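Dear colleague,

I am handing over the structure below, and I would be grateful if you looked through it before reading my notes, which follow it.

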Amino acid sequence: MKFETPATTNPIDQLKVVGKPTNRIDGPLKTTGTAPYAYERHDVAANQAYGFVVGAAIAKGRIASMNLADAKAAPGVLAVVTADNAGKLTKGDFNTAKLLGGPAIDHYHQAIALVVAESFEQARAAAALVRVEYARSKGNYDLAAALDGAAKPAASFGVEPDTAIGNFAGAFAEAPVQIDARYTTPDHSHAMMEPHASIAAWEGDKLTVWTSNQMIAWSVGDMAKTLGIPKENIRFDSPYIGGGFGGKLFNRADALLAVLGAKAAGRPVKVALARPLMINNTTHRPATIQRVRLGATAEGKITAIGHQSWSGDLPGGGPETAVAQTRLLYAGENRMTAMRLAVLDLPEGNAMRAPGEAPGLMALEIAVDELAEKLGMDPIALRILNDTQVDPEKPERRFSQRQLGECLTVGGEKFGWAKRNAKPGLVRDGRWLVGMGVAAAFRNNLNGPSAARVRLDRSGVVTVETDMTDIGTGTYTIIAQTAAEMMGLPLDKVVVKLGDSAFPVSAGSGGQWGANSSTAGVYAACVKLREAVAQKLGMNAADAVFADGKVKSGKRSAALGDAAADGELVAEDMMEYGDLAEKYQQSTFGAHFCEVGVDAMTGEIRIRRMLAVCAAGRILNPKAARSQVIGAMTMGAGAALMEELAVDKRFGFFVNHDLAGYEVPVHADIPHQEVIFLDETDPTTSPMKAKGVGELGICGVAAAVANAIYNATGVRVRDYPVTLDKLI
Ligand code: MOS
């Protein structure tokens, strides 16, 4: 089915099942620890051996020599895989550095060997016996020091490095009120609960990988390319995922090494990336240095808006697209944005929840707060004054839906913004200095082609199959809701099967495109199934009504399952997109509010309450969406207050590479969160009229926290995380 013109009324609009705050189908499995994660799939292949990964102990250079004799002779060892004996491997398109390094080393903890043994303990013990001599080369590990050599990168995922509209320099110079400030955001780690893990098994030339992966089709394709075998010979299966946040968009070393280990050992092999290896071995959100310049009239109209961002990556890598939102968020006739990319020899930078906007808004939305203060204006009023219904860079292009102003207004009312004292440092609650902050939230909406297969059996049960993944987001549930709505069934008559590359190819989980895209694919398949049912029952598909497990047409009525009385009915389709997204700028909007207390003596910062107001199309399941947003707000609080990969600039690695050193928020850090979804349907996105929300939830949070800290204390911190040492 091709989606080319805005959606009209369709069965989803009944909202009997879709749009209801439904508990997650996989919730009990996940909360009781019985959802089988990749490493725990003991039953999928007999005789599993264990692989343990050896990571490079240098950041850049070469392996001068490797002595495997002791490791091979250790008890239980079945094989040792290195680049020397692994055969020809081609780097996948989605990886910047090779997943198996050697002799050249591209980054610290790049995998250089896999030791396979009968038990995990034997593999780990033998891995410690792999002797490596390195020849170290000089690398660049310091972003600030690399700025002079930073170059204009190629477009990254369709995001151009530079834009320029009007005369920014002139308008900024003439603006009566100016902000020109530099902000920094550090490297961040996804720190998801479930480490990267895979089990691989070969049967002849057929390969199966049970893994933890957000984008099944991308990763099957990359594995095929890496191994030089047809992708038809590869099956990936990833039904349950303990978090991804972008860290599992592509294959990582666990997958490739499990595959190579299984080949070398001649039996199934499982590999998990140990937590202390993960942070330097896999990807991270790159640090940024950003300069924001805002010029405004005395009344607060922005006349010049400029945003530059510098980030670094390995050779061949891409920039953190931190200026993306600045092209679309506020009006202003004279504009410039620019990204520059330095070559760094740190581990590979890549997408982490709301790549681009998350760190970009950390800077931009402090700058807007600074502008409001300089103008003597309320920060909500300033944002509303500079709101726009058209793409500021392409005014002929309207936003399909844009309720930024409503998000700010509703949020201000609910949060009690009127009680905020605009003068910082004046509100006390005992020993606490109390402040409030606000920031706009923005994240683009993307839709991707997504296919699904639906099967109807004679008992009236519909089974949905798609390679779409559920990374903790609620995919199982919203897909079941979609199929139930389309086929007129209660939720318990729908079975959802995900994450298997044997199923039709979906949009996958990334870029907050998963919910709308994957359910739209299920919608398309269900339209076909409805037609097949009607035909089978001799009814007219156009006037058949699917409700309460029955199909009715005129005076005739039949149980849905009757259509499958003499055999299962199967329908498959893909939702594909025309150029609607070109005609309309599709984005999601929100406003984040935060109240903090800062201990007047010690500088200790406590978040007291948070509110998010989101306008993100139809909310398919308000309960799951709320969970996504409060999780994202929590992650935003981490970015504001604690998350930072500390770079060892001498040796080129992240020092705090475990969950003891890389701090993320815990429940005690987050006292109260509220989420409001504004009523919105967006017929330009798909027949679901939905958008993404899981990344919108983090966008702007950290700036709202930083702005609240400023309001509490009068200390403006522009370098994240905002820790107490920066306040005193
Ligand atoms: Mo997302 S950072 O594209 O999983």
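Two strands are taken as paired if DSSP finds at least two bridges between them. Please keep in mind that this is a predicted model.

By that rule, strand β15 (residues 302-313) runs parallel to β16 and is joined to it by 10 bridges, and within this pairing Trp310 has Arg340 of β16 as its bridge partner. Strand β8 (residues 162-165) also pairs with β16, here in the antiparallel sense and over 4 bridges, with Thr163 bridged to Thr337 of β16. Strand β16 itself (residues 334-343) is largely enclosed by the rest of the structure, because 8 of its 10 residues are buried.

Turning to the helices, the axes of helix α9 (residues 357-375) and helix α16 (residues 701-713) come within 8 Å and cross at roughly 35 degrees, and the crossing is right-handed. The contact is made by Leu361, Met362, Glu365, Ile366 and Asp369 on the α9 side, and by Ala702, Ala703, Ala706, Asn707 and Tyr710 on the α16 side; these residues divide into 7 nonpolar, 1 polar and 2 charged.

Asp254 counts as buried because it has 34 C-beta neighbours inside 10 Å, where 20 or more are required. Leaving aside neighbours within four places in sequence, Asp254 is in contact with His196, Ala197, Ser198, Val271, Ala272 and Leu273. Asp254 and Ala111, although 143 residues apart in sequence, are 9.2 Å apart in space, C-alpha to C-alpha.

With best regards

Conventions. Residues are numbered from 1 along each chain as its sequence is written. This is a predicted model: local features need pLDDT of at least 70, side-chain atom pairs count only at pLDDT 80 or more; totals for chains, interfaces and linings use all residues. A residue is buried if 20 or more other C-beta atoms lie within 10 Å of its own, exposed if 12 or fewer, and partly exposed in between; C-beta atoms are placed from the backbone. Helices (H or I, at least four residues) and strands (E, at least two) are DSSP runs, numbered from the N terminus. Axes are lines fitted to C-alpha atoms, for helices over the stretch in contact, and angles run from 0 to 180 degrees between N-to-C directions. A crossing is left-handed if the near helix is turned anticlockwise from the far one by less than a right angle, and right-handed if clockwise. Two residues are in contact if their C-beta atoms, placed from the backbone, lie within 7 Å. Ala, Val, Leu, Ile, Met, Phe, Trp, Tyr, Cys and Pro count as nonpolar, Asp, Glu, Lys and Arg as charged, and the others, Gly among them, as polar.
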